[in-house]
Amino acid sequence: MRVLIAIIGALTLSTPHAALTATPVAGPAVTGKYSVETPLETIVADPAGKAVIDSDLPGLTTHAMFDQFKSMSLKQLQPMSGGKITDDSLVKLSADLAAVK
């Protein structure tokens, strides 16, 4: 039995695993300074970024609970927005934020 376990262990160690040999897949290229994955507090610290948020999501930066969710990204905030941050609005925000220099 010990010999069988040793053989299986040796085979496992000498056989490359897919996770170790797979070529990594590149994610989408970051084209701008900010994205929907950037924390809101980082975006609104930049006047140009804040202007995008205020234009695309009026009232978000003045929301009474902004201090509670400002460390979240728009993507993280979306499920908690009660439908106010839609997939379509994230697409628009993504493009608008990518344009911020």
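Modeller: What follows is a set of questions about a predicted model.

Biologist: How many helices and strands are there in the chain?

Modeller: The chain has seven helices and zero strands. Read from the N terminus on, the order of elements is α-α-α-α-α-α-α.

Biologist: What share of the residues counts as buried?

Modeller: Of the 101 residues in the chain, 29% are counted as buried.

Biologist: Take V36. Where does V36 sit, and why is V36 called buried?

Modeller: V36 lies in the loop between helix 2 (18-21) and helix 3. Its relative accessibility is 10%. Buried means under 20%, so V36 at 10% counts as buried.

Biologist: Which residues does V36 touch, leaving out those up to four places away in sequence?

Modeller: V36 touches S73, L74, K75, L90, L93, S94 and L97. As for L77, this residue is 41 residues from V36 along the chain, and the two C-alpha atoms are separated by 9.7 Å.

Biologist: Which residues touch the most other members of the largest nonpolar core?

Modeller: That core has 19 residues, and L40, I53, L60, L74 and L93 touch the most other members. At least two residues of the core come from each of helix 3 (40-44), helix 4 (47-56), helix 5 (66-69), helix 6 (74-77) and helix 7 (87-98).

Biologist: What is L40 in contact with, leaving aside neighbours within four places in sequence?

Modeller: The contacts of L40 are I53, L60, F66, F69, K70, M72, S73, L74 and L77.

Biologist: What makes helix 4 roughly antiparallel to helix 7?

Modeller: The axes of helix 4 and helix 7 come within 10 Å and cross at roughly 155 degrees. Angles over 145 degrees count as roughly antiparallel, and therefore helix 4 is roughly antiparallel to helix 7. The crossing of these two helices is right-handed.

Biologist: Which residues make the contact between helix 4 and helix 7?

Modeller: Helix 4 contributes G49, V52, I53 and D56, while helix 7 contributes K92, L93, D96 and L97. By class, this contact has four nonpolar, one polar and three charged residues.

Biologist: How much of the contact in the chain joins residues 24 or more positions apart?

Modeller: Among contacts in the chain with a separation of 6 or more, 58% are between residues 24 or more positions apart.

Methods. Residues numbered from 1 in each chain as written. Predicted model: local features only at pLDDT ≥ 70, side-chain atom pairs only at ≥ 80, totals over all residues. Heavy atoms only, no water. Core = buried A, V, L, I, M, F, W, Y, C linked by side-chain atoms within 4.5 Å. Buried < 20%, exposed > 50% of the residue type's maximum accessible area, 1.4 Å probe, protein only. Helix = DSSP H or I, 4+ residues; strand = E, 2+ residues; numbered from the N terminus. Contact = heavy atoms within 4.5 Å. Axes fitted to C-alpha atoms, helices over the stretch in contact; angles between N-to-C directions. Parallel < 35°, antiparallel > 145°, perpendicular 65-115°, else oblique. Left-handed = near helix turned anticlockwise from the far one by under 90°. Nonpolar A, V, L, I, M, F, W, Y, C, P; charged D, E, K, R; others polar.
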